[in-house]
Amino acid sequence: MKRIVAGRYELGEVLGKGATGQVFAARDIEEGHEVALKILDPSLAGDENFVARFKREVRILQGVASRSVVPILSAGWDGKTFFIAYERLYGETLDKRLRRVARLPMSEARPLVRQLLKALAATHEVGVIHRDVKPANIFLEGGDARKAERLRLLDFGISKWEAGDGHGTLSALTRTGDVLGTCRYMAPEQFENPADVDGRADLFAAGAVAFRILTGAMPYGGGDSLALIMTNVLTLPPRTLQTVTGVSWPTSLEDFFTRAFVHRDERFGSASEMLDAWMDAPTGSDVPEPSSFQPEPLAQYADSASGNDTRSDSTHPA
Ligand SMILES: Nc1ncnc2c1ncn2[C@@H]1O[C@H](COP(=O)(O)OP(=O)(O)O)[C@@H](O)[C@H]1O
Ligand SMILES: [Mg+2]
């Protein structure tokens, strides 16, 4: 028998797994359309940290409501289960895309990063810091011959309102795999004090995403423990495009990443400033094609070892 949540959502296949539970494809039998339903893991329903994370995501999504963010349809508690119903998106996450192709040519990277920075500009404009920008939380809605692919930001579970609500820290992130997946994109100040971050932490993460899109590698390399990744981010200079690919890149593109990963006082000041710099970056034949270098093996990134969007069992204790 099919499982029904809140008397109206008939659950289908699992679309993804994350820190707090699972996201299912589901059918809204009242309205007769498909949705994506996030369900809080029953073992966490008694844990106020996770329940708070769930509720915060609902409040924030209702507040952001931008075309570049996943639309929320309803949410609540049906007596047994906390759920969030989102509009069902069709396509794949950036995480899935990069597992398949490792890196993208500038012609594809340019519109994706442009949309990511526009999404962050819209989010920041209403005073929300995402705090968990990474490929698994970026969805690419399928384009076709007539319409371009559209990027949507997912997962506002550890986001915060810039003014207040700062006590909603990363304490809800206690599952090893999730912390690892997240911290590879995390700004140094977010390790030091997650409550104190501003929009510039999202810009660091967006820079790390852009770096991976272009090179298939991460600016601070691999490392399979939180302690190691944190030490690298806090003590080492970021690697350059040239270091990770072995080929030379235009200086202004290297400079773009330097400004994304530097201490936040010297970082891009806003998403729109970073967007302007991105749109000014060279796109010509001096930008290496993906075929001109080998991407680093992804296996060195522990959270990326599994073949799907989610963490492997070994990094995601039940
Ligand atoms: N609206 C949606 N449509 C299709 N797939 C989705 C949708 N929302 C989430 N997913 C899938 O579920 C995964 C987990 O969702 P996410 O919101 O990131 O939850 P978590 O907090 O558990 O990480 C995503 O990486 C994506 O693969
Ligand atoms: Mg997620």
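I began at the S5–S6 turn: S5 and S6 form a hairpin with four residues between them. Gly 79 in that turn has a positive phi of about 100 degrees. I took strands (E, at least two residues) and helices (H or I, at least four residues) as DSSP runs, numbered from the N terminus.

I noted the ground rules. This is a predicted model, where local features need pLDDT of at least 70, side-chain atom pairs count only at pLDDT 80 or more, and totals for chains, interfaces and linings use all residues. Residues are numbered from 1 along each chain as its sequence is written, while chains are lettered from A and ligands numbered from 1 in the order in which they are written.

Next I checked the S5 pairing. Five bridges join S5 to strand S6 (residues 82-87), and the two run antiparallel. Two strands pair if DSSP finds at least two bridges between them. Ser 74 stands opposite Ala 85 in S6.

I then looked up the whole sheet. Six strands form an open sheet, in the order S1-S2-S3-S4-S6-S5, with antiparallel pairing. Which strands stand at the edges? They are S1 (4-5) and S5 (72-77); each has a single partner strand, so one side of each is left without a neighbour in the sheet.

I moved to S2 and S3. Strand S2 (residues 9-17) pairs with strand S3 (residues 21-28) over six bridges, in the antiparallel sense. Tyr 9 stands opposite Asp 28 in S3. S2 and S3 form a hairpin, with three residues between them.

S3 also pairs with strand S4 (residues 33-40), antiparallel, over eight bridges. Here Arg 27 stands opposite Glu 34 in S4. S3 and S4 form a hairpin with four residues between them. Gly 32 in the turn has a positive phi of about 75 degrees.

Last, I looked at helix H6 (residues 199-215). Its 17 residues reach 25 Å from first C-alpha to last, close to the 24 Å expected. The expected span is 1.5 Å times one less than the number of residues. Is H6 buried or exposed? I found 17 of its 17 residues buried (20 or more other C-beta atoms within 10 Å of the residue's own, C-beta atoms being placed from the backbone; exposed is 12 or fewer, partly exposed in between). Gly 216 follows H6, with a positive phi near 75 degrees.
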